[in-house]
Amino acid sequence: MKNQKTKKDNRALMLSLYAGAAACIAAESVEPVRDLFAKRAAYCAIHSKAKQGGKGWRDVFSRFDAGKMPPVFAKGNGKLPFFAFSSLAGLDCPQAGACLYRGGDESEGVISGFCYSFKCWRYPPAFFRQLVNSIRLRTKAGRDEIVSAWMELPQGATVRLYVDGDFASPEILALWMRLCQARPDLRVYGYSKSWRLLLSFDSATGGRWPQNYLLNLSSGGSGTEAEKAAVAALPIARGEFIAVQTLADHGNAYQSRRNAGFGEYAHDVKTQAGRKVFVCSGKCGDCTPSGHACGSEKFRGVPIAIGIH
């Protein structure tokens, strides 16, 4: 009963944040969620077992009011040892399907699908960074910040574009492709379900894509098989990245090849995928001896699969 209540409370929080984020995008401001953050901080102060319950929710706007904005790019960590860009999941995903809606049925409501990104919304700084980046993408001042941060990335850096969110409009896609062309030294890779935008860009530019960007075609979107085949034929396409439902719950085995039970998990993923796939180990940069498969030319045409978690 306690776990069911926790899940229900978390879903209610996610839906409140989703609605608040939509209002923020419309207003091009973070102010619509200020009151929500204050209420969440007050709730956590009462119900959390932590000594400083609600501190994370309070601190976000304290830093914002002090002029301390979230960085455009997150620096690497143990799980993702690269620079990474995220924006709002769902709201920045124009071709979301089963990832956002259970079974791809919109009547099920948002955040009923398998998208992992919403889990991080329990952590206020993560949600706020996505929110601010979504607003940055939609304003001239914000885009200038993105361009400046991009040009300051270290020489030869690897960048994941995106971790959360997706290309939300033709203008946003064009911006990122121009930036990739402006920094040919960077190694850029990412995932997208925005196949119609990609195909439109290809047509509008005569197929002029940056040579330093590799695309993984994400599953779970609303695209057609014909669109998938057309995107897979683009020069930027590395291959498919597929999320599959495993038969068993393998705990945290998916997070690293070194974790106990990874072999059983990988076998389950391959079986459910129903074809030959390379199984994602969850820890980027640790999946092969020569680097990450999703950004590797060596893995062009190889489907990569991960269990829904």
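This is a predicted model: local features need pLDDT of at least 70, side-chain atom pairs count only at pLDDT 80 or more; totals for chains, interfaces and linings use all residues.

**Helices, sheet and spaces**

A: Starting with packing: helix H3 (residues 55-65) and helix H4 (residues 124-138) pack with their axes 9 Å apart, at an angle of about 40°. Axes are lines fitted to C-alpha atoms, for helices over the stretch in contact, and angles run from 0 to 180 degrees between N-to-C directions. Helices (H or I, at least four residues) and strands (E, at least two) are DSSP runs, numbered from the N terminus.

Q: What do you call that arrangement of H3 and H4?

A: H3 and H4 are oblique to each other, because under 35 degrees counts as roughly parallel, over 145 as roughly antiparallel, 65 to 115 as roughly perpendicular, and the rest as oblique.

Q: Which residues make the contact?

A: From H3 it's Gly56, Trp57, Val60, Phe61, Arg63 and Phe64, and from H4 Pro124, Pro125 and Phe128, with contact meaning heavy atoms within 4.5 Å. They divide into seven nonpolar, one polar and one charged. Here Ala, Val, Leu, Ile, Met, Phe, Trp, Tyr, Cys and Pro count as nonpolar, Asp, Glu, Lys and Arg as charged, and the others, Gly among them, as polar.

Q: How many bridges link E4 and E5?

A: Four, between strand E4 (residues 213-218) and strand E5 (residues 237-244), in the parallel sense. Ser218 stands opposite Phe241 in E5.

Q: Switching topic: which residues lie nearest the centre of the second largest pocket?

A: Ile111, Ser112, Gly113, Cys115 and Lys119, out of 19 lining residues. That lining divides into eight nonpolar, six polar and five charged.

Q: How is a pocket defined there?

A: On a 1 Å grid over the protein atoms alone, a pocket is an open set with protein on both sides within 12 Å along at least five of seven lines, and lining residues have an atom within 4 Å of a point.

Q: Where's the cis peptide bond?

A: From Leu161 to Tyr162, with omega near 10°. Tyr162 is in the loop between strand E2 (158-161) and helix H6 (170-182).

Technical notes
Residues are numbered from 1 along each chain as its sequence is written. Side-chain values use heavy atoms; hydrogens and water are left out. On a 1 Å grid over the protein atoms alone, a cavity is a set of points where a 1.4 Å probe fits but cannot get out, and a pocket is an open set with protein on both sides within 12 Å along at least five of seven lines; lining residues have an atom within 4 Å of a point. Two strands pair if DSSP finds at least two bridges between them.
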